[in-house]
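This briefing walks through one protein chain, from its overall layout to a few single residues. Keep the sequence and the 3D view open while reading.

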Amino acid sequence: MEGILDLLNSPMGKTIINGVAGSTGQDSSKTGSVLTMALPVLMKAMQRNAATPEGAEGLMGALNKHDGGILDNLGDLFNGGVNNDVVNDGGKILGHVLGAKQQGVEQVIGQKTGMDIGAVGNILKTAAPILMGVLGKQSKQNGLSNSGGIGDLLGGMLGGNSTQQEQSFLEKILDADGDGSVIDDVAGMVLGGSQKNSGGLLGGLLGGLFGKK
């Protein structure tokens with residue numbers, strides 16, 4: 001199963017990054033950094049939500065609606081800017097997945113990428129429906145017919161070999177409460193992270209955000 005960061009590094013991923021950047025009026029490199037950090041965080045939040053039967057059922061319903069069709073027309077999607085229906089859908093997805101943590105998550109990502117929190121929010125609203133399309137398409141390919149396998153699907157795309165440190169990094173961002181106190185902790189964790197896991201999620205984040213190998 002292809003990981004989410006592998007997808008971002010693929011030709012489709014580059015199309016998504018450039019399209020989201022163009023639609024939101026942001027630099028492609030910074031947009032790529034935002035998505036490299038944000039998409040695993042969103043998926044980790046979904047994995048948390050799917051830990052309860054109710055959350056898993058809700059996510060399964062959302063994946064059934066986002067069946068991957070959005071990926072078949074990326075050229076049309078980004079031509080002239082993403083339409084308001086997609087952006088509004090993205091806003092609803094973020095609200096459902098992150099809830100009260102949304103502002104804190106956007107603040108941490110903005111701090112680490114040097115981007116205004118409003119710009120981060122616009123990028124995430126545009127990208128969220130695309131992420132749901134990726135997950136919906138993967139669930140169809142895997143023959144996922146009930147909510148029981150959603151956690152495994154998300155875990156596989158996050159990287160089955162994620163280290164404890166990488167998981168802690170994602171949890172730190174998700175526990176951001178908007179008061180800014182978590183930012184230094186997250187920065188210390190990322191910048192001081194072990195280099196031996198450079199093939200994993202944290203390594204991908206380091207490579208994408210700080211130019212390290």
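Along the sequence, the chain follows the pattern α-α-α-α-α-α-α-α-α-α-α-α. That is 12 helices and 0 strands. The model is predicted, and the values below are computed from it.

**The chain overall**
- The chain has 213 residues, and buried residues make up 49% of them.
- Its accessible surface comes to about 9500 Å², and carbon and sulfur atoms account for 46% of that area.
- If contacts between residues at least 6 apart in sequence are taken, 75% of them join residues at least 24 apart.

**The largest nonpolar core**
- The largest nonpolar core contains 56 residues.
- Met43, Met46, Leu59, Leu98, Leu131 and Leu135 are the members that touch the most other members.
- Helix α8, residues 117–141, supplies the largest share of this core, with 11 residues.
- Leu131 is in contact with Ile4, Leu39, Leu42, Met43 and Met46, leaving aside its neighbours within four places in sequence.

**Helix α8**
- At 1.5 Å a residue, the 25 residues of α8 should span 36 Å, and its end C-alpha atoms are 35 Å apart, which agrees.
- Most of α8 is covered, since 18 of its 25 residues are buried.
- At the start of α8, a side-chain oxygen of Asp116 comes within 2.8 Å of the backbone nitrogen of Gly118.
- After α8 comes Gly143, which has a positive phi, near 65°.

**Helix α3**
- Helix α3 covers residues 28–49.
- From first C-alpha to last, the 22 residues of α3 reach 31 Å, close to the 32 Å expected at 1.5 Å a residue.
- α3 is also mostly covered: 16 of its 22 residues are buried.
- Asp27 caps the N-terminal end of α3, with a side-chain oxygen 3.0 Å from the backbone nitrogen of Ser29.

**Two residues in α3**
- Thr36 is found in α3, and its side chain reaches the backbone oxygen of Gly32 at 2.7 Å.
- Thr36 counts as buried because its relative accessible area is 12%, and the cut-off for buried is under 20%.
- Arg48 has a relative accessible area of 34%, so Arg48 counts as partly exposed, the class between under 20% and over 50%.
- Not counting residues up to four places away in sequence, Arg48 touches Glu171, Leu174 and Asp175.
- Arg48 and Val97 are 49 residues apart in sequence, and their C-alpha atoms are 9.3 Å apart in space.

**Helix α2**
- Helix α2, residues 11–24, has 14 residues and reaches 20 Å from its first C-alpha to its last, close to the 20 Å expected at 1.5 Å a residue.
- The buried residues in α2 are Gly13, Ile16, Ile17, Gly19, Val20, Ala21 and Thr24.
- What covers the buried residues of α2 includes α1, α3, α5 and α8.
- α2 is followed by Gly25, whose phi is positive, near 70°.

Notes
Residues numbered from 1 in each chain as written. Predicted model: local features only at pLDDT ≥ 70, side-chain atom pairs only at ≥ 80, totals over all residues. Heavy atoms only, no water. Core = buried A, V, L, I, M, F, W, Y, C linked by side-chain atoms within 4.5 Å. Buried < 20%, exposed > 50% of the residue type's maximum accessible area, 1.4 Å probe, protein only. Helix = DSSP H or I, 4+ residues; strand = E, 2+ residues; numbered from the N terminus. Contact = heavy atoms within 4.5 Å. Polar contact = N/O pair within 3.5 Å; in protein donor to acceptor, adjacent residues only side chain to side chain. Expected span 1.5 Å × (residues − 1). Areas by Shrake-Rupley, 256 points an atom, 1.4 Å probe, with all protein chains shown as cover.
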